[in-house]
Structures are given as C-alpha cells and as structure tokens.
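Please read it beside the sequence and the structure.

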Amino acid sequence: MNPVTHAQLDWDEQGRPHSRVFDDVYFSDKSGLEETRYVFLEQNRLQERFAALPAQGHLVIGETGFGTGLNFLCAWQLFEQHAVAGARLHFVSVEKYPLSHADLQRALALWPELQPFADQLLAQYIAIHQGFQRLVLAHGRVTLTLLIGDALEQLPQLDAQVDAWFLDGFAPAKNPDMWTAELFAELARLAAPGSTISTFTSTGWVRRLINAAGFKMKRTPGIGHKWEILRGEFLGWPAETPAPEAIKPWFARPAPPPGARTALVIGGGLAGCTSAASLAARGWQVTLLERHAALAQEASGNPQGVLYLKLSAHGTALSQLILSGFGHTRRLLEHLHRGVDWDGCGVLQLAFNAKEAERQAQLAQAFAPELLHVLDQAQAQARAGVALEHGGLFFPEGGWVHPPALCEWQASHPLITLLQHREALELRQADGQWHAHDGHTLLASASVVVLAGAAEINRFPVSAELPLKRIRGQISRLPQTPQSQALATVVCAEGYVAPARLGEHTLGASFNFASEDLTPSTAEHLGNLQMLREISVDLLQRLHADTLDPEHLQGRAAFRCTSPDYLPIVGPLANREAFHLAYAALRKDARQVPDIACPWLDGLYINSGHGSRGLITAPLAAELLAAWLNDEPLPVPSSVAHACHPNRFALRGLIRGTS
C-alpha cells in the first residue's frame, strides 16, 4: 500500500486553488459554477432525471476527480431543488490526491450560495484516508462515497450501477493517466443501461477512446473559453471486446424483496442498531427486537470502547475494512456529545517488544502520518501525560466511545420501532414474510429479517451452520483520582486503558476462551491490573491500583462473537443444502463456476461476527447490508464484500471437501 498524500496547492490572487503536481486549475477562472452546471448537470439531464425519481428511488452519479467537491455540491443542490422527499442521491468519486480539510474549506468559501451544502460536507470531511470512504449527508438522503487512491486501483473494486458519469480529471495533456482506454473500460463496466456521460474536454483521441468503450459521444457547444465539450450515452459493451468477468453467482445480488419495505432486526447491540438505522434512512419501516430491558446490554454495553486500528501494511481485506470502517464510525461520532458519549483523544499503541516495534515501523511506511505516526518514548510519554517505558504508534483521530450512546442514537430514527423484552426463539417464513416467535407468541413480521444477535443467531436452523464462536472478555472499572486525570489519550499494549469518563477509567479487556460464565471474576480483574502495570507503572500508582481489593473491583463481562477468519459476516445468506447441490461441481474443480442462480433464503440477511472491532466494523457493515438490500453502490471494495459474505463458509467447505 502507498500512503495517500494531500493535494499540493497554490492559490492565485483571487484565492483560487491550482494543483502544483499537475500544473492545472481546479475550476474555470471565469465561472466554475456555471461551467459545472452546464458541462455536468445540464449535459446529463439531471434536473429532469431528479424530478422523475419516485419516492423510494435513487440516482447514482460517478465521477473521476473529486477535487474541491464543486461538482458534487452543485449536483446535491439541484437534487434538493427537484427530487421528491424519500428519493436518494448516491455520488461516487475517485480522487488520488484529496484536499486537506483546511484547503477544502478555503476553496469552497469562494461559492457562498453553496454554503449550506459545503458546511455539511466539511462537517463530515474527517478521517478521509486511502480506499473507500463513505460520508452520509442530509440525514441519509445523500451518500458520498470517496474512492481515495489511483483510479485504476479503486474503480475495478467498485460494485455499482452508475446512471451518470462526470469526467473531471485534470486536462488530458496534464494528466493523461485519467484518460486511458483502461479507465474508460471501467466506466463502461459500471455503467447502468442508458447511462449518460459528459466532460469538459473535446480532444479527439479522448472521444475515440470513450466511443471504443461502448459510449456514443458527440461534440456539443462549450461554455466560456471552451469552444466544445463532449457528452454521450452508454450503448452497451462492445461486441468485439471481451466482456468483464461476471460476479460469481454466490456473491451476486439477490433480487430486491417484493412488497412493502419492512424489516425485522433481531439484536439490539451495535450490529442491530446500526443495521436498523441504515435501513430506516432508506425509508424502511424497521422493528428492532431486543431480549433485554434496554439496548446494548451485551458486548456493546461497556462504558468505553476504543477505536482501535489493528492494520496490515499489505492491504488485506480485513485491513481495508478496518480503514474504511474507522473513517465511517469516526464521522458518525460527530453527531454525539463529545466528552460523555465519545472523545477524540487519540490512541497510542505501545511498541512493547521488538516484533511490535518492527510492525509499527512498517505501518508508518504504508500509511499517511495523519492516520498514524511513530512516537519515540519521550514523545509518547508527553502525549499520554503519564510515564511510559516505550514509544509507539499514535492514531491522532482515534479515541474512546460509549457504545450504548451510539446504539441509542442509531435506534432513535422515527421509522424504527424498538420492542424490548422480546426474545426471538424461532423464525418461520410464510407468504413472503419472516415471522419471529417467542414460543407460541408471534413477536413481529416483516419481508426482510436481519440476524444481528452475535453468536445467538446459531439458534435458528437457517443460520446454525455459520461458524461463530464466543470469547469472554472482562473489563475493570477504576475510579478516577486527582493524579490519574493526567492521562490524556487511550494507551494500548496487550490491553488498554482510557482517560476517565464520568469519573471512571475503563481497563481491559481479558480474553477467555473457556468460560461461559458472565460473572466478573477476581482472576480476570488481577489480569487486567497486570496489563495496566505493563502499560504504565506510573498510571498504576496514580490510580492507587496496588491498594485496590480485586475482589471488590467493579467490572463487566460479555462475549465477543468472532468468525474463524476474524472478518465479520455480512450480507444475504443461501439455503445451505440447496447451495451444496447447486455447486457440487466445485468439489472436483474449484475453477468451474456452474451457471446456476444462488438459492437464496429470500429476505434473510446476516450482520454478525465483529469480534472486538464492532465499533469500527458494525456501522459500515450496516451500510453494506443496506446497499445489498437497496441495489446501491457497495461502500467497500467488492473483494472486501466477498470476504465478509455469509456464503464464503459454504463455498470453502465445497472446495476443500469438508462439507
């Protein structure tokens, strides 16, 4: 992986940005607004297309070159002016050199009439790092998915159907990599039937390359100093060109559920509450079933959880998911009460041995310093506010979160009905509906059911084969002292300790693979105190932890739920027996892909297996699940979506001959 660098800008005497790398302007020196509206909005007929959207419809715009976001803001403004309530706009844009927050704010200040939209964008333009980054705006009515990185690395991983393309890279002569046959083939692969396309350039070789990809381009009069521009439509994949590889049937999208958009979500922790919120934002009527008296009573109920990024320098699916999920969660937290519900105090991972120090050095080479950077012992100690024996890796945008607050906020949407003290013991499907029963009592029914109850989803026969395991974890709650107030950031080694919330520090968490008992144990309190000693003897003393009686310490135990490959399980699920019959040929030849539609359990979706990373992965997984259900652009690379797919286990079993 290559670290993403911000755009290097110069500013002219009128305050307009100019790219130092490409020696080109971001927008017209005459009227950037008029040019955007003419070249991109008008040529793609967006006003009439927005006005024609039905109440639950959506339109997807794709863009090469996000730049200052001017095209996005103009499209959003037009959408608000002409689209009916309930319609949604998806905007997907690739950008290799994103502007810093300060530069974006300075550039957008040039357009006062866009300020209401620019302010919302700037409020969410946080933790923008490499890969897929999803921003949810206008209470979910507008979704911006930024693909940060090289276009020919990011676009092949996009799973979407794009209705209108904006080609807005820097001029072909200045940035030829954004105007290649390979890139235009990706635009064609992603184009919905009848997709439109426009660009400010009229260069002949660009027009010929776009035409060769399956579009029909024509020159049209330009605006300002541009004599001509190009616009066109997608006619279809060229017959003489090999078709792109089809998505494997077990990862293909199920047909949208017919009938009323009703959903039943089982489980009121982070996975369930975020799933309910993502569906409600899209107009679904959601019933959320929680077996306890309140939300977040199990693994999501700790007083403090940490935005902990265990990354790989090699760009694994898990690492990509963590990086995208971190940004998404970090942006959601802006809606909560800082200091009580969360605090962006940073996270310090100590380099507690030589192997960890080497791993951290590799990560510092692979990622931008805005995400993480190495601190030596003196710097780490100054940052933490307490004495430390080691330096480490600092994540300035990290911090701690009170997970129940995030759950409650997500579940507060007016389209969500919360039913507490309701434990679904049985699921039945009849007449296109899923019915949850508690013994003889019908609890709720809906056309779609989302199983988000951690390892408890194994109680249902339809999902009993999913390989979920429970790992007991215990945290200890230590009263704040006048001396412990000095702790200024979360500090992690084998465990973690966080700055105080409401007069208490959270310390943890143990890993116990054997115990099924959720009563806090003295032994695990002692283990947590030993982890604190390894983090900082100074902090141990400041907390007077050596004088505390571990038998009387306050704490909490819960079960993490994880999968064998440590990736969550998110998406639609197939009927296991029918799956084995349909794809039995894979037992003999894993390269053979039978042309058989996947035997889905219609309307059944999974969101589980988040382990100790639920704060980072569950909210983004909810967006992924909602994208599956609403036929929207996926918020993660397709390889990551497939790596998290519930069908992966049945598929592996066939290929390995173990099922």
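Two strands pair if DSSP finds at least two bridges between them, where strands (E, at least two residues) and helices (H or I, at least four residues) are DSSP runs numbered from the N terminus. Under that definition, strand β4 (residues 58-64) and strand β5 (residues 88-95) run parallel and are joined by seven bridges. The model is a predicted one, in which local features need pLDDT of at least 70 and side-chain atom pairs count only at pLDDT 80 or more, while totals for chains, interfaces and linings use all residues. Residues are numbered from 1 along each chain as its sequence is written, and side-chain values use heavy atoms, with hydrogens and water left out.

**Domains**

- The protein is divided into domain 1 (31-234), domain 2 (253-297 + 405-468 + 564-656) and domain 3 (347-396 + 469-562), with bounds that come from an automatic or database domain assignment.
- The C-alpha centres of domain 1 and domain 2 lie 32 Å apart, and the contact between these domains, meaning heavy atoms within 4.5 Å, takes 16 residues from domain 1 and 16 residues from domain 2.
- About 1,400 Å² is buried between domain 1 and domain 2, with carbon and sulfur atoms giving 50% of that area; buried area is the accessible area (1.4 Å probe) that two parts lose on being put together, summed over both.
- On the domain 1 side, Arg 134, Gln 157 and Asp 159 lose the most area to domain 2, together 42% of what that side buries.

**The sheet that contains β4 and β5**

- Eight strands form an open sheet in the order β6-β7-β5-β4-β8-β9-β11-β10, and the pairing is mixed.
- Strands β6 (131-137) and β10 (215-221) stand at the edges with a single partner strand each, so one side of each has no neighbour in the sheet.
- Neighbouring strands of this sheet are turned against each other by 20° on average, direction ignored.
- Within the sheet, Ile 61 stands opposite Phe 91 in β5.
- Helix α7 (residues 181-190) lies across β4, β8 (162-167), β9 (191-199), β10 and β11 (228-234), and runs at about 140° to β9, where axes are lines fitted to C-alpha atoms, for helices over the stretch in contact, and angles run from 0 to 180 degrees between N-to-C directions.

**The sheet that contains β25 and β29**

- A further open sheet of eight strands, with mixed pairing, has the order β17-β18-β16-β26-β27-β28-β25-β29, and its edge strands, β17 (373-375) and β29 (554-562), each pair on one side only.
- Strand β25 (residues 469-479) is joined to β29 by nine bridges in the antiparallel sense, and the bridge partner of Arg 477 in β29 is Gln 554.
- Four bridges join β25 to strand β28 (residues 504-508), again antiparallel, and Leu 478 stands opposite His 505 in β28.
- Helix α11 (residues 354-366) lies across β16 (347-350), β17 and β18 (392-395) at about 135° to β16, whereas helix α12 (residues 377-384) lies across β16, β17, β18 and β26 at about 95° to β17.

**Helix packing**

- Helix α10 (residues 317-332) and helix α17 (residues 614-630) pack at an angle of about 90°, with their axes 7 Å apart.
- Helices α10 and α17 are therefore roughly perpendicular to each other, a term that covers angles from 65 to 115 degrees.
- Residues that make this contact include Phe 326 and Leu 332 of α10 and Pro 619 and Glu 623 of α17.

How values were computed:
Parallel < 35°, antiparallel > 145°, perpendicular 65-115°, else oblique.
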